[in-house]
Amino acid sequence: MNRILKTTVIAAAVMGVAGVAQARDQVRIVGSSTVYPFASYVAEEFGATTEFPTPVIESTGSGGGLRLFCNGVGEGTPDITNASRRMKPSEFERCEENGVTDITEAFVGYDGIAFAQSSANEAMDVTREQIFLALAAKVPVDGELVDNPHTQWSDIDASLPDREIAVYGPPTTSGTRDAFEELVMEAASEDMDAYGDEGYTDIRADGAFIDAGENDNLIVQRLAENTDAFGIFGYSFLEENADTLIGSSIDGVEPTPEAIGSGEYPVSRSLFFYVKNQHADEVPAMYEYASMFMSEQMISDLGYLKGIGLIPAPQEMREQARQAVADHESLEMADLK
């Protein structure tokens, strides 16, 4: 991973020195921190095996990347944005308003959201309801919603350890945060009478949940320093750091590639990148990079990206996604609803 990061930093430096002409020879990519390791691997391979320079990649989070992507067409806007969730209809509308009217969606594969801690601890198995009660801004107490009073995990359930609730997680610009709120917070609360018919996703802001920024590697580092804490991040980071971290089972299901790929693991999500087709003439490397990313060499069961944590989609789905990218298929609003 250090080699990948070094490569992208060097590429970014070259881009800054060489100016606009050189920049248009390079693909500019922003977006998800979860997709970043996969995109970086492809970028390094692309720079090493083609006539094009290594693409420049910035980890901005899914929401942040889509904002940059949808700012417009031309110089100063990204060619591709990575996302650990699907583009929202509101983001598609913003793209259209700013003249970004021809976008191809590339479905890459799957990832799970890990709820992990230092391997210095015994494994702690949790349910989505327990995580919700630890992190929700307001929780039901004696039939009323009150500010979350829980400070220890054992306050929620006597079977849980007598450890301070401290969870490092992604910011609101992150697709991982969006997916966590939907798949854990909303899913756990939608059947709780106290919250009505709709789920509740507000996360407490009293210090129990710590916004750790877009760099998931920083969360990994903090878990080594604070062994009482948990972290929320993509499964690939758990797999890369299996010597120092352990993941919790959620609702009785371990975070394994098989469970994530089948959907049995309850906190699984799809990964994407989006291509700005209007940049094709100015950035000839863009489609070549997208094609390499979608190749069987990268995203199949025997692909390189599986080795760093990507959960491949079934072959038929991969073929459909690859064809959509090859055909430069235009995303429509109806596809997102």
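Reader: How many salt bridges does the rule give here?
Author: The count comes to 13, a salt bridge being a side-chain nitrogen of Lys or Arg within 4 Å of a carboxyl oxygen of Asp or Glu. Mind you, this is a predicted model, where local features need pLDDT of at least 70, side-chain atom pairs count only at pLDDT 80 or more, and totals for chains, interfaces and linings use all residues. Numbering runs from 1 along each chain as its sequence is written, and side-chain values use heavy atoms, with hydrogens and water left out.

Reader: Why is the contact between aspartate 178 and lysine 88 called a salt bridge?
Author: The closest N and O atoms are 3.8 Å apart, so the pair falls within the 4 Å limit. Aspartate 178 sits in helix α8 and lysine 88 in the loop between β3 and α5, so parts 90 residues apart in sequence get tied together. Both also belong to a salt-bridge network with Arg85 and Glu91.

Reader: What makes aspartate 178 buried?
Author: Its relative accessible area is 18%, and buried means under 20%, exposed over 50%, partly exposed in between (1.4 Å probe, protein chains only). Lysine 88, at 35%, therefore counts as partly exposed.

Reader: And how do you know that aspartate 111 is buried?
Author: Its relative accessibility is 0%, so it counts as buried. Its salt-bridge partner, arginine 269, at 3.1 Å from N to O, is buried as well, with 6%.

Terms used. Helix = DSSP H or I, 4+ residues; strand = E, 2+ residues; numbered from the N terminus.
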